[in-house]
Amino acid sequence: MKRYLGYCPQFKYQIGSTFGNTTHRLLTNPNVAASASSVLTDTFPRLSQGVDKGAFIRTRTASWGDQKLTEKMVPGYTGYIPKMQNHYFGSRYADTCGSAIADFESDQRGHTAKRDNMRTLTALQTGKLKPADGQKNLITASYQTPLKPIARQAKPYYSPGSLQHIKSPYRMSNAEAKKNFMSGYTGFVPKARGLMGMGYPVLTNSALCEFTNEMGKNVTLKTQPITIKREARGKVETQPIYPEGSGLVPHYTGHIPAQKFKFGDTFGHSTYNALKIGTGMTPQQEAIISVQ
């Protein structure tokens, strides 16, 4: 329906049709990758057409006392009426309210019946209630209630019919292509702060792979004895911050020696050989001479 703000696959690539027709075509097309759980709302009432809605609602009023949701709803009521907004259309206000309230009451009674059946089953299997005729088979059921846990923590469940990318990237192996975060993700990504110059999926994939390797290394180190000797590491060759043969790029916001004493030149000329390598002077001395 309109104003639906959830995700619809391939919707941004569709043009030339209404919102309802476009989403219906995409969500019912088997060639479009989507979740196994449908997000389409059932627009048909579940209450049987032969049930007297008025009598059904009157029993609700009699059992629950003073109720705002009654058989005779007055047009103009601005309160909330369950199941009315997305299930009933094209009828008068009174008929729409009656169908929605009756459907809601039917759901409430169904939930109450399931709850009572579960309590009865528990009482029969624990011996608190004697079984009546037709209830003896409940005592010898395969699973006795209340169910006992077989593990301290439940294992994560992954639906076989759902897309694989819903699996956490932290649980994926480095060989899986979908071990990354989608563009727009604003959460913390370990090992990603020092990476740049790549697309977000590529950057997060590299960071997550490095994080997985480091965690695996930590698990291995737990089983090894502690040693004091460490391997000597060579100095990492990095590019100098202040190049000798050129100036710095404009908008550089780091510290530049003696830059606050210079004026009248472009940023590139004033930062040329900022450390004054080979001149025999410090940047401060050179700045004082240039001012004089």
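How many salt bridges does the count come to? The count comes to 5 salt bridges, each a side-chain nitrogen of Lys or Arg within 4 Å of a carboxyl oxygen of Asp or Glu. The tour below visits some of them.

This is a predicted model: local features need pLDDT of at least 70, side-chain atom pairs count only at pLDDT 80 or more, and totals for chains, interfaces and linings use all residues. Residues are numbered from 1 along each chain as its sequence is written, and side-chain values use heavy atoms, with hydrogens and water left out.

**Stop 1: the whole chain**

Show the protein chain as a cartoon. Its secondary structure comes to 7 helices and 0 strands. Helices (H or I, at least four residues) and strands (E, at least two) are DSSP runs, numbered from the N terminus. From that end, the elements run α-α-α-α-α-α-α.

Switch to a surface. The chain exposes about 23,400 Å², by the Shrake-Rupley method with a 1.4 Å probe; for residues, only the protein chains shown count as cover. Carbon and sulfur atoms supply 57% of that area. Of the 292 residues, 21% count as buried. Buried means under 20% relative accessible area, exposed over 50%, and partly exposed in between (1.4 Å probe, protein chains only).

Now consider contacts, meaning heavy atoms within 4.5 Å. Among those between residues at least 6 apart in sequence, 34% join residues at least 24 apart.

**Stop 2: the cores**

Select Phe56, Ile57, Leu69, Met73, Ile81, Met84, Tyr88, Cys97, Ala100, Ile101 and Ala102. These 11 residues form the largest nonpolar core. Such a core is a set of buried Ala, Val, Leu, Ile, Met, Phe, Trp, Tyr and Cys residues joined through side-chain atoms within 4.5 Å. Helices α2 (53–64) and α3 (93–125) each supply at least two of its residues. Helix α3 gives the most, with 4 residues. A second, separate core has 6 residues, including Phe181, Val189, Ala192 and Ala207.

**Stop 3: along α3**

Select 93–125, the range of α3. How far apart are its end C-alpha atoms? They are 48 Å apart, which agrees with the 48 Å that 33 residues should span at 1.5 Å a residue. The expected span is 1.5 Å times one less than the number of residues. Just after α3, pick Gly127, which takes a positive phi of about 85°.

**Stop 4: salt bridges**

Show the side chains of Lys83 and Asp107. They meet in a salt bridge (2.9 Å, N to O). Lys83 lies in the loop between α2 and α3 and Asp107 in helix α3, so the pair ties together parts that are 24 residues apart in sequence. Asp107 is buried, with a relative accessible area of 17%.

Next, select Arg109 and Glu105. Their side chains meet in a salt bridge (3.0 Å, N to O). Both residues lie in helix α3, 4 residues apart, about one turn of the helix. Glu105 is buried at 5% relative accessibility, whereas Arg109 is partly exposed at 36%.

Then show Asp116 and Arg115. Their closest N and O atoms are 3.7 Å apart in a salt bridge. Asp116 is partly exposed at 34% relative accessibility. Arg115 is partly exposed at 42%.

**Stop 5: Ser270**

Finish at Ser270, in helix α6 (residues 267–270). Is Ser270 buried or exposed? At 7% relative accessibility, Ser270 counts as buried. Its side chain reaches the backbone oxygen of Phe267 at 3.2 Å. Leaving out residues up to four places away in sequence, Ser270 touches Gln259, Lys262 and Asp265.

How values were computed. Polar contact = N/O pair within 3.5 Å; in protein donor to acceptor, adjacent residues only side chain to side chain.
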